[in-house]
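Me: I'm new to protein models and I'd like to learn how to read one. Could you walk me through it?

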Amino acid sequence: MVVEVIRGILIPFLGTSLGAGCVFFMKKSIHPLVQRALIGFASGVMVAASIWSLLIPAIEQGEGAAAVLPAVFGFWVGILFLLLLDHVIPHLHMNSDEAEGPDGVKARLKKTTMLALAVTLHNLPEGMAVGVVYAGYMSGNSNITALGALALSVGIAIQNFPEGAIISMPLRAEGVGKGRAFLYGVLSGVVEPLGALLTIFAAGLLLPALPFLLSFAAGAMMYVVIEELIPEMSEEPHSNIGTVLFALGFTVMMTLDVVLG
């Protein structure tokens, strides 16, 4: 079981690292079609995982109609937590005039640095989500299986792939060496296994809080999907690819949780 847990919490970090490694092989950036497909698939996986791997197990921990209350409360705390992060580190947008002006390079580099910080902070609740699920699995919870936890880890890893790339590649474009650009991309994902481990230890001490922790992770993941991923996968060109892959990711994750879980 310990090996399964260690593997599970490292898989999302691997996804970030592989994405950052694109800086060694690609001269410019990920093709928009591939990017929309990856983000769409990962979004579908994460939405399905939020429901079947997190919210439903959270509700099933309790009894009667009141069982939904910890899930609702934790879900909203997760949403508000990510909303707070977005207020602390606002979304950064820069128009073409700013990019082409005399301070364009400096502005783009600052934007990339802030983007790296934002991605790093957003990776924390994703690591917590993996940690919560594996904590439930380790506790012997019959509603959480090894396959379901692994599927969640793989889904987050797929979502992390373009995140690692969007950190390392812009840094390289602004003159940062490939090695350093790769390192910064990798470091943005370090918080995920750390967050997972801390959550596992906390959940082990506070098992009665498991329904809240599961639903908190679901709320955080849903916020990331709705606020960050869906708008990006819906951008032209190739927005239809993102939609189709979203549906595919959702059905794959749902099938894994329902049939194999």
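Reply: Let's go through this one feature at a time. Keep in mind that this is a predicted model.

Me: Okay, how many helices and strands does the protein chain have?

Reply: The protein chain has 10 helices and zero strands. Written out along the sequence, that gives the pattern α-α-α-α-α-α-α-α-α-α.

Me: Where is confidence lowest in the protein chain, and where is it highest?

Reply: The score to look at is pLDDT, the predictor's confidence in each residue, from 0 to 100. For the protein chain the mean is 79, with 82% of its residues reaching 70 or more. Helix 4 (residues 96–100) has the lowest confidence, a mean of 42, while helix 1 (residues 2–20) has the highest, at 90. Over residues 92–102 pLDDT stays under 50, and the model has 12 contacts beyond four places in sequence for that stretch.

Me: Now the packing. At what angle do helix 2 and helix 3 pack?

Reply: Here's the general idea: two packed helices are described by the angle between their axes and the distance between the axes. In this case, helix 2 (residues 32–60) and helix 3 (residues 68–88) pack at about 145°, and their axes are 7 Å apart. The crossing of helix 2 past helix 3 is right-handed.

Me: Which residues make that contact?

Reply: From helix 2 you have Leu-55, Ala-58 and Ile-59, and from helix 3 Val-68, Ala-71 and Phe-75. Sorted by type, the residues of this contact are six nonpolar, no polar and no charged.

Me: Zooming out, how much of the whole chain is buried?

Reply: Of the 261 residues of the protein chain, 46% count as buried. As for the accessible surface, the protein chain has about 12500 Å², and 72% of that belongs to carbon and sulfur atoms.

Methods
Residues are numbered from 1 along each chain as its sequence is written. This is a predicted model: local features need pLDDT of at least 70, side-chain atom pairs count only at pLDDT 80 or more; totals for chains, interfaces and linings use all residues. Side-chain values use heavy atoms; hydrogens and water are left out. Helices (H or I, at least four residues) and strands (E, at least two) are DSSP runs, numbered from the N terminus. Buried means under 20% relative accessible area, exposed over 50%, partly exposed in between (1.4 Å probe, protein chains only). Accessible areas come from the Shrake-Rupley method with a 1.4 Å probe; for residues, only the protein chains shown count as cover. Axes are lines fitted to C-alpha atoms, for helices over the stretch in contact, and angles run from 0 to 180 degrees between N-to-C directions. A crossing is left-handed if the near helix is turned anticlockwise from the far one by less than a right angle, and right-handed if clockwise. Contact means heavy atoms within 4.5 Å. Ala, Val, Leu, Ile, Met, Phe, Trp, Tyr, Cys and Pro count as nonpolar, Asp, Glu, Lys and Arg as charged, and the others, Gly among them, as polar.
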